[in-house]
There are 2 protein chains.
Amino acid sequence: MKTMTEPSKSSGASPPGTKVPAPTYEGDFVLNENLLLDCGRTLATPTLHYAVYGRLNAARDNAVLVCHALTGSALVGSWWPEIFAPGAVLSLERDFVICINLLGSCYGSTRPGAVDPATGEVYGPDFPLVSIQDNVRAQARLLDSLGVRRLRLVLGGSIGGMQALDWAIHFADRVQRALIIGVAPLSAMGLALNHLQRQAIQHDPDWAGGHYLPQRPPRRGLSLARQIGMISYKSAALLEERFSRNPNRNGEDPWALEVREGAAGGGLIGGRFDIAGYLDHQGQRFIDRFDANSYLAIMRTMDTWDPQHGFSSSQETFSRIRAKLSFIGISSDWLFPAESVRAFAETIRAAGVQVDYREMTSDHGHDAFLAEQVELVRLLQ
Amino acid sequence: MKTMTEPSKSSGASPPGTKVPAPTYEGDFVLNENLLLDCGRTLATPTLHYAVYGRLNAARDNAVLVCHALTGSALVGSWWPEIFAPGAVLSLERDFVICINLLGSCYGSTRPGAVDPATGEVYGPDFPLVSIQDNVRAQARLLDSLGVRRLRLVLGGSIGGMQALDWAIHFADRVQRALIIGVAPLSAMGLALNHLQRQAIQHDPDWAGGHYLPQRPPRRGLSLARQIGMISYKSAALLEERFSRNPNRNGEDPWALEVREGAAGGGLIGGRFDIAGYLDHQGQRFIDRFDANSYLAIMRTMDTWDPQHGFSSSQETFSRIRAKLSFIGISSDWLFPAESVRAFAETIRAAGVQVDYREMTSDHGHDAFLAEQVELVRLLQ
């Protein structure tokens, strides 16, 4: 399985004309030992694919770690360019920015589609549960190799924020500040949405118990999973504004006598509404860039993240934090509602941590941290 | 395909001890002519399965029509028993209550699993688009046969409310009052949710283009569709209160080393959270009681409902209404948000119709009109 290094074609497209910074270096880091995972299994000498922007200064005090979300890549300059705009959050002149692909992701790190060095076989659906904390431990080894001891900032949205917080908890002496956007432990609704997506993939006729052929992946299932995800990343208000009850812009008529959709196997299911055409398009784009087993692996990483799991109290979990934390909730986010992010921030503050909370007003839903980067930067300034 | 006359096992279970009224009569009405549908096709001599409760009085002024929702049945006494409680909304002594199974539903009316009298073949996926208005026209013929000219009240929640409003629009001289609960034309988010459910069914390996064998229906797809529906019928707050991030109550461990789920075809997908166990259970219950092609047919009926479609203005659509309308929004409904129901009611009021709007405060989401019947009755009194 080839390493994909194309920029993430996520919905977080930057405004036209935005300058996309090029990485100083992009490559692989291989741990020279096995990574013992929280679940009890090991990943043999795992690879972390990463990109860096700018240069580490002599004082080694300008390092920033950006953590990507579910289907992002190490190329943060491509999916979060406005963060690098002049006067924004990061500076290629001032900062040494590192972004590391999640274990399990199909964008270059050790993943279900890779060969397990311990067995010589492709992991496939037997790829183990890799926790956020496992990722953070591996990332720390990569930073060691780069000569980075201390991070002036670690930041990310969604699963990226999960990593940022775990950095502050588990490497308290290495993090000065953490910026955590649009995230709290997944709620029952969030766990439900992931459960639906998992089934969508595993019901695909080409799923083959996860041992699908590379040339015949479970495309329809992965497309449906992405579409389920998409509605949770957007607000109802945004969908209403963009699509309302309009018929599909390609001319299909939902009230039509009959339309056979070949791809769906036939039946008089009628012309689509515009929102359906949009979702199908998003699903189609996604199956061209992502792998089903990778998607399942990272969803499980996301599901199981709860920093308090295994600790006796929130005090015990969070009181070790030394970094200053900033949380950002998004007003229209229904996957990680702003009130949950605020409550989570309050829990951590109650453990004696320096925490502030800000709210991003946007009708874009969870996606706002990618879709409204200019607004995000304004809030951070 | 046998006619199923079991009471609907929908989530609208009544409180323990609630008396379930028995119908005075339950049976089939067959139109003695073809029903010309809005889509241009015809249903040859369609059957309407129905139930009645109480008796028509001599003045023939005590008839009430109850319209059921997506997967309901004609047995309104079974799924809405609190409406019949002493002093509640309906009275078996005072009222003659009629409930008619939707065309397309697998609970007795003409449906995809039935034989088309015009061809001698099972409709299957070629069952035509039957609009809400088509249903209402057929229902009017059934009421004619019962000697019911005028309805003192027509009421329903969700798709039931769509029918109630279409009654008031298209049979203005036959309706005295209409009670419309938790409904407005589906928003983009609602259309999206139905589009996801449709795909879930049509991606099932046993879908067979809709020509699945009765003994081998697309079970997993229908289960997933129901689960997608379920999350839209419940509020996030309710799911959080009930399930939170608890592991599945059967003892599965989401952090476990490995669990193979046989039904899903294998893979290390881990133990489930409680919300996932609940959704799987709901899906399983549903596939034992509902038909996939019926589900698709009624979703399309729902999608395409917009009383203003084909009219030049809301004034033209609604000014013909003579009935007094009452709309009820549900505070935590995110499928048909209360603010949309209120705005819809305002649009109709602006056309000169007598309209009132009330809001039901509940954390049950869209399902509240079934799940919190006692609260609903209190609001209506």
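Biologist: How much area do chain A and chain B bury between them?

Modeller: In this predicted model, chain A and chain B bury about 5,400 Å² between them, with 62% of it on carbon and sulfur atoms. A:His203, A:Arg245 and A:Trp255 supply 13% of the area that chain A buries against chain B, more than any other three residues.

Biologist: What makes residues of the two chains count as in contact?

Modeller: Their heavy atoms must lie within 4.5 Å. By that test, 65 residues of chain A are in contact with 65 residues of chain B.

Biologist: Why is strand S5 of chain A called largely enclosed?

Modeller: Buried means under 20% relative accessible area. Five of the five residues of S5(A), residues 63-67, are buried, so the strand is largely enclosed by the rest of the structure. A:Ala63, A:Leu65 and A:Cys67 point one way from S5(A), while A:Val64 and A:Val66 point the other way.

Biologist: What makes S5(A) and strand S6 of chain A a pair?

Modeller: Pairing needs at least two bridges. S5(A) and S6(A), residues 96-100, have four, in the parallel sense, and A:Leu65 stands opposite A:Ile98. Four bridges also join S5(A) to strand S9 of chain A, residues 153-157, again in parallel. There the bridge partner of A:Leu65 is A:Val154.

Biologist: Why are strands S1 and S10 of chain B said to stand at the edges?

Modeller: Eight strands of chain B form an open sheet in the order S1-S4-S6-S5-S7-S8-S9-S10, with mixed pairing. S1 (25-30) and S10 (355-360) each have a single partner strand, so one side of each is left without a neighbour in the sheet. From one strand to the next the twist averages 20°.

Biologist: Which residues have the most contacts inside the largest nonpolar core?

Modeller: They are A:Leu325 and B:Leu325, in a core of 197 residues. Beyond its neighbours within four places in sequence, A:Leu325 is in contact with residues including A:Leu165, A:Ala178 and A:Ile348.

How values were computed: Residues are numbered from 1 along each chain as its sequence is written. Chains are lettered from A and ligands numbered from 1 in the order in which they are written. This is a predicted model: local features need pLDDT of at least 70, side-chain atom pairs count only at pLDDT 80 or more; totals for chains, interfaces and linings use all residues. Side-chain values use heavy atoms; hydrogens and water are left out. A nonpolar core is a set of buried Ala, Val, Leu, Ile, Met, Phe, Trp, Tyr and Cys residues joined through side-chain atoms within 4.5 Å. Buried means under 20% relative accessible area, exposed over 50%, partly exposed in between (1.4 Å probe, protein chains only). Helices (H or I, at least four residues) and strands (E, at least two) are DSSP runs, numbered from the N terminus. Axes are lines fitted to C-alpha atoms, for helices over the stretch in contact, and angles run from 0 to 180 degrees between N-to-C directions. Buried area is the accessible area (1.4 Å probe) that two parts lose on being put together, summed over both.
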